[in-house]
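Have a look at the model below. The notes after it walk through a few contacts, one spot at a time.

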Amino acid sequence: MNKAEYLKAIGIETWQPRDAECRVVEQPVICTDTPKIKHIIAVEDDTWASLQAQAEACHACDLAQTRNHVVFGVGNQQADLLIVGEAPGVNEDKQGELFVGRAGQLLNNMLLSIGLQREQIYIANVLKCHPPSGRDPQAEELSSCVPFLERQIALLQPKIILILGRAAHVLLETTEALESMRGKEYHYQNIPLLVSYHPAYLLRSPKEKRKSQQDLLMLKKYL
């Protein structure tokens, strides 16, 4: 199923098609091209400060009207590990920071289990603004925001990306179940990418924490 079919299946009809496609060549899964984007980011001053300023001034979608903060990203801008989630929650919108509260504490503990401090990594979401009432992100919102994440990846150049939860469906353009995506190596912008569960999901389904720990041990080998 391609992206257009996936979006139609979940009831979204406004997606602007992108040219990227992923193909399976045994293992790993390779993205053959960087997606063409709808929202163009200026790169004349190609720095973290410039990119964050553009994100905070962005009005490319209606979320600019309802957000409290643009939740840009946080962490070490020379990190080897980038962790990517889907969208800010209500508390993140209020505080302007990613992975706060119980999910954030769980993420911290997960990192400690493989010898990492949160300050050693960089964390970002695909979507930089909180969808009101906790609804799912819309296609137009995602297509407007993905370019910011792409530039973050290009600036960071991590050794490995760990993508959590449904963000994997956005970047890899698939409806494959997360369970079956675990344990595989993907690539995004020519960087190895692994898929695991989001800490918020693990709080609701604690029995899955063992599987998440397996993913972290796989991640550790890349670092």
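What follows covers a helix pair, some aromatic rings and one arginine.

## Ground rules

This is a predicted model, where local features need pLDDT of at least 70, side-chain atom pairs count only at pLDDT 80 or more, and totals for chains, interfaces and linings use all residues. Residues are numbered from 1 along each chain as its sequence is written, and side-chain values use heavy atoms, with hydrogens and water left out.

## Helix 2 against helix 5

Helix 2 (residues 48–56) packs on helix 5 (residues 139–156) at about 170°, with the axes 11 Å apart. Helices here are DSSP runs (H or I, at least four residues), strands are E runs of at least two, and both are numbered from the N terminus. Axes are lines fitted to C-alpha atoms, for helices over the stretch in contact, with angles from 0 to 180 degrees between N-to-C directions. The two helices are therefore roughly antiparallel (over 145 degrees; under 35 is roughly parallel, 65 to 115 roughly perpendicular, the rest oblique).

On the helix 2 side, Trp48, Leu51, Gln54 and Ala55 meet Phe148, Arg151, Gln152, Leu155 and Leu156 of helix 5 (contact means heavy atoms within 4.5 Å).

## Rings

The structure has three aromatic pairs. Rings of Phe, Tyr and Trp (its six-membered ring) pair if their centres lie within 6.5 Å; planes under 30 degrees apart are stacked, over 60 edge-to-face, the rest tilted. Trp48 and Phe72 are edge-to-face, because their ring planes sit at 90°, with centres 6.4 Å apart. Trp48 is in helix 2 and Phe72 in the loop between helix 2 and strand 3 (74–75), so this pair ties together parts 24 residues apart in sequence. Trp48 is buried at 13% relative accessible area, and Phe72 is buried too, at 3% (buried is under 20%, exposed over 50%, partly exposed in between, with a 1.4 Å probe and protein chains only).

Tyr197 and Tyr201 make a tilted pair, with centres 5.0 Å apart and planes at 40°. Tyr197 is buried at 5%, while Tyr201 is partly exposed at 26%.

Back at Phe72, this ring forms one aromatic cluster with Trp48 and Tyr122. Lys128 lies over the face of Phe72, 5.9 Å from the ring centre (NZ of Lys or CZ of Arg within 6 Å of the centre and within 35 degrees of the ring normal).

## Arg182

Which loop holds Arg182? The one between helix 7 (178–181) and strand 7 (186–188). Arg182 is buried, at 14% relative accessibility.

Leaving out residues up to four places away in sequence, Arg182 touches Val195, Tyr197, Lys211, Gln214 and Asp215. The C-alpha atoms of Arg182 and Val195 are 5.3 Å apart, though 13 residues separate them along the chain.
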